[in-house]
Amino acid sequence: MALTGVENLARLPELKKKLLWTFVLVAVYRIGVHVPVPGVDSAALADFFESAKNTLFGLFDMFSGGGLRNLSIFALGIMPYISASIIIQLLTVVSPELAKMQKEEGAAGRKKITQYTRYGTVLITIIQGFGIAVGLESMASPTGAPVVLAAGWGFRLMTILTLTAGTVFLMWLGEQMTEKGIGNGISMIIYAGIVAGLPRAVLSTLDLLKAGELSLFVLILIVALMVAVLVAIVFMERGQRRIPIQYAKRMVGRKMYGGQTTHLPLRVNTAGVIPPIFASSILLFPATLGEFSSVPLLKQIAAFFSPQTVTYNVIFVALIVFFCYFYTAIIFDPADIAENIRKQGGFIPGIRPGAKTKEYIDKVLARITLWGSMYISVVCVLPMVMIQQFNVPFYFGGTSLLIVVGVAMDFMSQIESYLISRQYEGLMQKGRLKGRQ
């Protein structure tokens, strides 16, 4: 019998254990979001964020899963780790030592690179933690109540230590989720943070409707637009360019092998949700320092990187396109694919095996990646337009929808692959038992 549906989880205790690990670790993350940093007036901070909910702080709060609004130990979220990962991956391209470590040293090299990423995460968290601590000391609620109860170096050191410890723990939590659970742990943490904020975003939208700041027609238009974006995301995420592969016939002993035709599937969006996450992380780093600082120059930098500006959107789109190509080049190597096809006796009709096949695959991949990057850019710029025109919360934007849908589809595909592989193993075992009888 085919293993389909949630009711079959009981038949696969290993999958059940992985799902349990994932949900438990996500629950630990959500509990930590509500553990505040010492020395902060939570009521004054909540009033401040209420007055700044549709500014850059709203974007910070979305990626931290509400941790910034509460100024919890997870206020910085997983973004410092992502920033450190970007820096290390860029360095592997320009540094021969890191490139050799990643490709030739195998698991030991990757372990070293992971360690460097962790060190970078701690350094970035310390810098951002100091900027947040200094900025909080100058903040006050709309009523004039100070956010920090006792300003000074004691509060700054405590904030840096708390935020660094929280981010390191969250980084460890994501790694454990990847290892023991299902799906990419870092993506799951961001996904959980966005989904947890959806009820508050819905209530906020209903409040705008009751107050008359949002008309019923505009609300229906927003819902229709969300559904259209959702359908477009699902359609594009499943989109593929299938390159036909023909295998030559060959004799092995008395049997004829090969002769069949298959295909090489190239996804339109090979990089997945990584480009918008990476692009947002880079833009949020200088903006974080500027928003939480009283230095005029840093304030100008924060204003320059405000999501409502044209400059921000242009840089955002450029970074998305760059990371679409960059991350696709990291995870997909046309030279290896072409070599594997040649070794197996396959070829693309009309294309010579070897270097010509590599060039053809590279050319096709570059074309569909361009369309994929354009699709992601259009989807991710939507929240900026909606916020300006309709005063819509960030959660209803394309970036959050793209992350939620992309991570959910990846999560379900991994579960499906696990079920199929275990079902296949079960059939193989039955075949062996039947052959022995």
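A disulfide is defined here as a pair of cysteine sulfur atoms within 2.5 Å. By that criterion the structure holds zero disulfides.

This is a predicted model, in which local features need pLDDT of at least 70 and side-chain atom pairs count only at pLDDT 80 or more, while totals for chains, interfaces and linings use all residues. Residues are numbered from 1 along each chain as its sequence is written, and side-chain values use heavy atoms, with hydrogens and water left out.

**The cysteines.** Select C324 and C380. The sulfur of C324 has its closest cysteine sulfur in C380, 8.9 Å away, which is too far for a bond. C324 is buried, with a relative accessible area of 2%, and C380 is buried as well, at 0%; buried means under 20% relative accessible area, exposed over 50% and partly exposed in between, with a 1.4 Å probe and protein chains only.

**The whole chain.** Now display the cartoon. The protein chain has 16 helices and five strands; helices (H or I, at least four residues) and strands (E, at least two) are DSSP runs, numbered from the N terminus. Of its 437 residues, 46% count as buried. Among contacts (heavy atoms within 4.5 Å) between residues at least 6 apart in sequence, 73% join residues at least 24 apart.

**Helices α8 and α9.** Select residues 153–180 for α8 and residues 185–210 for α9; the two pack at an angle of about 115 degrees, with their axes 7 Å apart. Axes are lines fitted to C-alpha atoms, for helices over the stretch in contact, and angles run from 0 to 180 degrees between N-to-C directions. The helices are therefore roughly perpendicular to each other, a class that spans 65 to 115 degrees, with under 35 roughly parallel, over 145 roughly antiparallel and the rest oblique. To see the contact, show L170, G174, M177 and T178 of α8 with G185, I186, M188 and I189 of α9.

**The nonpolar cores.** A nonpolar core is a set of buried Ala, Val, Leu, Ile, Met, Phe, Trp, Tyr and Cys residues joined through side-chain atoms within 4.5 Å. In the largest, of 56 residues, select L15, Y29, I78, I82, I233 and L402, which touch the most other members. Helix α16 (residues 398–436) gives the most to this core, with 10 residues. Apart from it lies another core of 15 residues, including L71, I132, L136 and L163.

**T125.** Finish in helix α7 (residues 106–137), where T125 is found. T125 is buried, with a relative accessible area of 0%. Leaving aside neighbours within four places in sequence, T125 is in contact with L76, P80, L163, T164 and T167.
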